[in-house]
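I opened this model to look up its pockets and a few backbone details. My notes follow the order of the search.

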Amino acid sequence: MALLRSAVWSALVSHKQEIEKLHMRQLFQEDANRFERLSIRWGSLMLDYSKNRITSRSMELLLDLARSVELEKKRDEMFAGEAINSTENRAVLHTALRRPSGYSLEVDGLDLSSEIADVLAQMKDCCERVISGTWKGYTGKRMTDVVNIGIGGSDLGPCMVAEALRPFAHGHLQVHFVSNIDGTHISETLKKLDPETTLFIIASKTFTTQETLTNAMSARDWFLTHAADKSHIAKHFVAVSTNRSKVVEFGIDEANMFRFWDWVGGRYSLWSSIGLSIALFLGFECFQELLNGAYAMDEHFRKEPLEGNIPVLLGLLGVWYNNFFDVQSHAVIPYDQYLHRFPAFLQQLDMESNGKRVDKQGNTVEYATGPVIWGEPGTNSQHAFFQLLHQSPNFIPADFIVPLKSRNPLGEHHDILLANCFAQTEALMKGKNEQEVRQELEAAGYNASEVNTLMPHKVFPGNRPTNTILLDELNPYTLGALIAMYEHKVFVQGIIWGVNSFDQWGVELGKQLAKAIYPEIQGIERVSCHDSSTNALINAYREARMKNLPDANPQLSFFDEI
């Protein structure tokens with residue numbers, strides 16, 4: 001492919017071979033200003049990328065790579081509303097959702113500024129009425145709980161933000177999120193709720209998503225066992241959708257349908273009316289601050305030269321390890337309990353965007369694209385998977401995210417938390433060599449034989465790359481900026497790899513097959529039309545299901561047959 005044959009790609013391959021044996025210890029020892037050169041302070045956020053396996057030449061070549069694929073031009077095309085989602089012929093304009101009012105941008109004859117302002121005004125009005133208690137349920141009581149029913153981007157984004165910003169909640173409403181079609185999720189949620197004071201948000205663009213609509217129907221059935229009158233649905237259910245007829249058919253007042261647009265991808269939709277649950281839980285002003293923080297990062301990404309552009313640098317470092325060091329995994333470790341859902345959110349954002357096997361022209365790519373994204377909060381993660389980060393044969397890059405100010409200052413807790421965070425990035429960079437281990441063991445009184453036995457187990461190779469992202473504090477504005485930063489990082493990598501980061505055809509096949517298997521599971525004939533494994537699994541479940549049905553006739557067990 002053209003990318004692999006390009007001069008800059010070849011130069012990066014050669015450069016990797018040249019520096020492969022360089023240790024970051026040496027790089028820091030030789031350059032007292034390494035941190036100053038390889039860190040960026042932007043507003044209340046700081047990126048330290050000095051603990052990476054890079055030299056000045058590495059960054060020069062990576063920036064050349066970005067320019068060779070016309071990153072700046074393609075970035076501008078996205079912001080201008082061009083149809084960069086080529087397989088669906090759509091613009092990609094989640095960034096338009098967070099622009100200040102008054103800008104002018106037209107897509108397909110639609111004035112986006114006016115459209116977005118109308119939806120935001122509708123969301124604000126809803127928030128004011130529900131939070132103040134003006135919005136009453138069917139018995140005249142005010143709402144106390146909001147349940148967001150969605151899946152994928154309609155769940156992961158709002159849920160993550162609500163958890164991250166819980167300290168900013170106004171306290172008049174509790175928010176709950178239901179996504180899994182496993183009946184346990186909706187059942188356990190409903191057990192805690194009063195139908196007289198619960199408002200449901202059904203978040204589905206098409207209002208046909210199987211998981212979301214199944215959960216929505218169960219919620220409606222639960223509600224009607226108490227409310228009885230179907231007309232009461234209009235007081236307790238709202239919809240975020242584009243399918244007006246389906247929404248009305250469900251029983252929702254069309255005045256309580258919040259629209260959004262095809263140019264808003266699911267994993268980028270929390271900025272849209274999909275964020276209604278966020279706005280209800282935190283208040284509309286906090287939701288607006290979230291948008292403001294994201295817009296500020298948009299402006300940084302759009303205007304800052306590549307050399308000092310935070311999303312660009314993060315994207316290039318990911319390409320460096322993914323494609324030139326054959327690293328297929330990337331850990332995200334927030335040192336803040338409120339961000340415990342952030343790695344899960346980034347999994348969809350990154351892996352659904354760039355987990356592609358063909359480029360925009362439909363050609364099979366011959367290089368790695370999206371890495372596996374995973375992580376857990378520190379310090380829990382230190383006692384779970386850090387063993388692998390420190391001493392596995394292959395290294396895994398990691399992002400450490402930490403607010404300098406705690407929302408819950410309690411004794412020495414935050415000092416200990418940050419000490420652990422900074423110590424881990426230093427340990428991953430430095431490691432511990434044989435000489436240091438020997439001195440440590442001898443000082444502890446071990447004899448020569450014991451030292452030689454323990455030595456291999458206590459050596460840490462180090463040279464493990466990390467980025468540290470410091471926030472002055474976690475608040476709606478800084479969270480908005482943080483999310484947008486990762487969105488743009490994903491965009492940068494997609495442009496370099498030549499893939500369409502804004503479609504997700506890979507989720508379709510399983511859905512199609514599930515629609516075929518569903519009636520087979522409910523049928524009475526044994527299934528034999530699939531491969532032997534799938535047939536066996538379906539028939540095993542059917543046997544178990546039949547035994548649990550009322551008045552089921554005992555039959556020979558599937559397991560007895562094999």
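I began with the lining of the largest pocket, sorted by class. It has 12 nonpolar, 18 polar and 11 charged residues. I kept in mind that this is a predicted model.

**Largest pocket.** I read off a volume of about 1,100 Å³. I found 41 lining residues, with T209, Q504, V507, E508 and K511 nearest the centre. Of the contributors, α22 gives the most, with six residues.

**Second largest pocket.** Here I noted about 350 Å³ of space. I listed 15 lining residues; D336, Q337, S406, H414 and L417 lie nearest the centre. Helix α18 (residues 413-430) gives the most to this lining, with three residues. By class I got three nonpolar, eight polar and four charged residues.

**Backbone.** I looked up where a cis peptide bond occurs. It joins G378 and T379, with omega about 10°. I placed T379 in the loop between β11 (372-374) and α17 (386-391).

E70 sits in the loop between α5 (56-68) and α6 (71-80). Is E70 buried or partly exposed? Its relative accessibility is 40%, so E70 counts as partly exposed.

F207, also not a glycine, has a positive phi of about 60°. I found F207 in the loop between β7 (198-203) and α10. F207 counts as buried because its relative accessibility is 3%, and the cut-off for buried is under 20%.

Notes:
Residues numbered from 1 in each chain as written. Predicted model: local features only at pLDDT ≥ 70, side-chain atom pairs only at ≥ 80, totals over all residues. Heavy atoms only, no water. 1 Å grid on protein atoms, 1.4 Å probe; cavity = no way out; pocket = protein on both sides within 12 Å on 5 of 7 lines; lining within 4 Å. Points joined across faces, edges and corners; volume = space filled by probe spheres on them. Helix = DSSP H or I, 4+ residues; strand = E, 2+ residues; numbered from the N terminus. Nonpolar A, V, L, I, M, F, W, Y, C, P; charged D, E, K, R; others polar. Buried < 20%, exposed > 50% of the residue type's maximum accessible area, 1.4 Å probe, protein only.
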